[in-house]
Amino acid sequence: MIPTPHNECKDASLIAKTVLMPGDPLRAEYIANTYLTDVVKFTSVRNVYGFTGYYNKKRISVMASGMGQPSIGIYSYELYNDYGVENIIRIGSAGAYDPNLAVFDTVLATKAYSESNYAKVAFGMGSHYQSPSKKLNNKLTKAANKLGIELKNTVVHSSDVFYSTNPNRWQEVRDKFGCGCVEMESFALFANAKVLGKNAACLLTISDSFITHEVTTSYERQTAFNNMIKIALELASNK
């Protein structure tokens, strides 16, 4: 039923079937203003912006998810279930656990591990791993190859916490569960897509490293992660 408590769009046709989903509302606005034409803002509830426009003559939407699994769980579920969206590509930042991942590298999530009970509580799924759409991942890989952008594949850690009193927790997760980097949303997105019969994928840009301790600025995270944006747009405009 639309509009929803979290999306004020009253016409589902205003939202494209493929949605790019950064966490940051300002990144959503940056993408819309930089890459899309004939842009319409379809929601701004809680300052979580959603836009639809055209890229290479193809309608594409971009909407923020906010931070964390509960937040993306709400926004992506409503897009899939209430607005008829078929594909959501998360585009976000991540911290590197793997020394082979450097700041500004572009990463494609092959699976998401999480300690979260999101999937169990919401859908009765007991696994601590959730997977993206193979179809979308294959298309994102082809898009990256076409653009000449190196894409690094890894299992991601979808964490529910940003701060911890255990300074070695990241090493334990890396070594035990095979995670190359950490973010906070993809596990819930993948679970929603699986339950609702939709497609989801996650592209990440390494914003900081647990190995080298390099860190990008908030402005760089908002505007400088263009490779993953270009890959997602390339896929969306050729579907």
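Predicted model: local features only at pLDDT ≥ 70, side-chain atom pairs only at ≥ 80, totals over all residues.
The largest pocket has a volume of about 970 Å³. Of the 36 residues that line this pocket, those closest to its centre are F162, V182, E183, M184 and D208. Two or more lining residues are given by each of the elements β5 (87-96), α5 (169-177), β9, β10 (199-209) and α7 (218-223), and the largest share, five residues, comes from β5. By class, the lining is made up of 12 nonpolar, 14 polar and 10 charged residues.

E183, one of the residues closest to the centre of the pocket, belongs to strand β9, which covers residues 179-183. The relative accessible area of E183 is 3%, and because buried means under 20%, E183 counts as buried. Leaving aside residues up to four places away in sequence, E183 touches R90, S93, A94, V156, H157, S158, S159, C202 and L204.

D98 sits in the loop between β5 and β6 (106-113). With a relative accessible area of 24%, D98 is partly exposed. Although D98 and G180 are 82 residues apart along the chain, their C-alpha atoms are separated by 4.9 Å, and, when residues up to four places away in sequence are not counted, D98 touches G180 and I211. A polar atom of the D98 side chain also lies 2.7 Å from the backbone nitrogen of N100.

Turning to the aromatic residues, the structure holds 10 aromatic pairs. One of them is formed by Y113 and F177, which are stacked, with 3.9 Å from centre to centre and 10° between the planes. Y113 lies in strand β6 and F177 in helix α5, so this pair ties together parts that are 64 residues apart in sequence. Both Y113 and F177 are buried.

A further aromatic pair, between W170 and F210, is tilted, at 5.4 Å centre to centre and 45° between the planes. Here W170 belongs to helix α5 whereas F210 lies in the loop between β10 and α7, so the pair ties together parts that are 40 residues apart in sequence. W170 counts as buried at 13% relative accessibility, while F210, with a relative accessible area of 30%, is partly exposed. Together with Y97, W170 and F210 form one aromatic cluster.

Terms used
Residues numbered from 1 in each chain as written. Heavy atoms only, no water. Helix = DSSP H or I, 4+ residues; strand = E, 2+ residues; numbered from the N terminus. Buried < 20%, exposed > 50% of the residue type's maximum accessible area, 1.4 Å probe, protein only. Contact = heavy atoms within 4.5 Å. 1 Å grid on protein atoms, 1.4 Å probe; cavity = no way out; pocket = protein on both sides within 12 Å on 5 of 7 lines; lining within 4 Å. Points joined across faces, edges and corners; volume = space filled by probe spheres on them. Nonpolar A, V, L, I, M, F, W, Y, C, P; charged D, E, K, R; others polar. Polar contact = N/O pair within 3.5 Å; in protein donor to acceptor, adjacent residues only side chain to side chain. Phe/Tyr/Trp six-rings, centres within 6.5 Å; stacked < 30°, edge-to-face > 60°.
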